[in-house]
Amino acid sequence: MIYNEEYETMPREALEALQLKRLQNVVKRVYEKVPFYKKRFDDAGIKPEDVTSLDDLKRLPFTYKQDLRDNYPFGLFTVPMEDVVRIHASSGTTGKPTVVGYTKKDIETWSELMARVLVAGGATKHDIIHNAYGYGLFTGGLGFHYGAETLGASVIPISGGNTKRQIMIMQDFGPTVLTCTPSYALHLAEVAEEVGSDFKKMKLKSGFFGAEPWSTVMRKEIEKKLNISAIDLYGLSEIIGPGVSTECMEAKDGLHVFEDHFIPEIIDPVTEEVLPPGSQGELVFTTITKEAFPVIRYRTRDISTLNYDPCVCGRNFARMARVSGRTDDMLIIRGVNVFPSQIESVLLEIEGVEPHYQIMVDRDGALDILGIDVEVNETVFSDEIKNLQNLEKRIEHDIKDILGVSATVKLVEPKTIKRSEGKAVRVIDKRKI
Amino acid sequence: MKVEQISIFLENKSGRLAEVTRILGESGVNIRALSLADTTDFGILRIIVNNTEKAKDVLKKGGFTVGKTEVIAVEVPDHPGGLAGILDILKSEKLNVEYMYAFVERSGQCAVIIFRFDEIDRAIKVLGDKGVTVLPGEKVYAL
């Protein structure tokens, strides 16, 4: 199903003409209204009128998260505060929060995008939506809330926390759609089991999960435990919040980027070159319709690929692959860019191997050595040496195949890899460079 | 006629085998037979004990990866050529031995050898037909 046929199925030629017009407009606006952008553009030797084709996008300077912090809180807004009707902010775990603003029209745009997300995942105005994303400065809760209301569905604005009560409400109110982070979905399943509730007896049929990276294995687990179809969506507050891209229920093969509002690029995070479709690299977004807080070529640090092939659902928008990691974690091994998430995906493909692993990089003379410790669990354990050695060889083979780098895999006992309270420490780099 | 064997994944670092035997000892589990297969990175400890379920349970609780496999225990005449006679039978029947190890205990005038086959049921039948004694699990656990 498609919420906005006109835009979502627009032929590429018309879409590109629209994008160019909107891009020229936004570039002119930020140049005139925001001293930061004027300086950046001047330093790069480019004027708004130099943007005459979409190809000129790559000549524009990047915007980094640090730029948002340097202009904290409202320095990058292009409208006076009297026109700003909403303010959101990131959690600010690694410094000052990044603050974003919305005009009335921005909220309308965002609401429509979230309605598109819901419809792409099979929701209709007849659905009851249990929205367990956090309400507040975080964009998840209100993003879904406005999207659901725009669609005309019924929203239960439960927000996060108080999980036992959430289970009770799910039983009593009979929501058909769940929206929350994927990890909270699994937590709901655990708590339901504890209190003796059965998701199979509830009316839930689908769930929309985002705001954190998750894997195919996790999707299968959520779908099984909650007895629903799980849809992946993507967004970040710097661009608009949730609703930058989403999966369609027809294909579930990549997330359609709402290209009439955001232009995506994939770049090599080191050389900063724009990469051709299909290449893996860092996602960069330019917002082309936002009023209060447009951003030009925002470096997301998220790793993905772009696919411009037509989709069975009928949308013409490019599809981005599920975000597979962050450039902040990137390793360069023998000249090859390696992301821990790529190694993790190899491990996940091998049935039964839990992604408890540790990557060790060292240098022997001039040669980088990549070692991976993988914890053995009961599913893959065998009483025969050859089976375990074959497992090691298979992981080594798949890593070489996918990353183009050879690694030495060592099986280790369970629980021997240090657990972290927060972000897992996946890489120990012993190289002295 | 099958015997339950526990296998345990061990990293090649000092103290791991001691840890397994300590856990078993403290739980009152007695080891009847033992074999350790190793590579440069890891080892697999295979044991037959007097209480398989309990051993499995306490080792899992101790954080080890534990598997359970069925093997068979065969009486081998304790004289030159005793084992060769049994291996000849296996060879002529094309029964492939995954691994084997000897049992320290003795049963009458015979040694006991543990065999791991892929085709365990056929192995039991073939050996039985040829007059070889395959010991029942209860007897092995209690030896």
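The model is predicted: local features need pLDDT of at least 70, side-chain atom pairs count only at pLDDT 80 or more, and totals for chains, interfaces and linings use all residues. Residues are numbered from 1 along each chain as its sequence is written, and chains are lettered from A in the order in which they are written.

Start with the interface. Here 19 residues of chain A are in contact with 26 residues of chain B (contact: heavy atoms within 4.5 Å). The buried area is about 1,700 Å², with 55% from carbon and sulfur atoms (accessible area, 1.4 Å probe, lost on being put together, summed over both parts). On the chain A side, A:F381, A:D383 and A:E413 lose the most area, together 39% of what that side buries.

A:E384 and B:R116 meet in a salt bridge at 3.1 Å, N to O. Two elements of chain A, α11 (385-403) and β20 (408-412), each give two or more residues to the side that touches chain B (DSSP runs: helices H or I, at least four residues; strands E, at least two; numbered from the N terminus). The largest share, five residues, comes from α11(A).

Now follow β20 into its sheet. Four strands form an open sheet of mixed pairing, ordered β20-β19-β18-β21 in chain A (strands pair if DSSP finds at least two bridges between them). β20 and β21 (427-429) of chain A are the edge strands. β19 (residues 367-375) and β20 of chain A pair in the parallel sense over five bridges. There, A:I372 stands opposite A:V409 in β20(A). α11(A) packs on this sheet, touching β19 and β20 of chain A.

Technical notes. Side-chain values use heavy atoms; hydrogens and water are left out. Buried area is the accessible area (1.4 Å probe) that two parts lose on being put together, summed over both. A salt bridge is a side-chain nitrogen of Lys or Arg within 4 Å of a carboxyl oxygen of Asp or Glu. Axes are lines fitted to C-alpha atoms, for helices over the stretch in contact, and angles run from 0 to 180 degrees between N-to-C directions.
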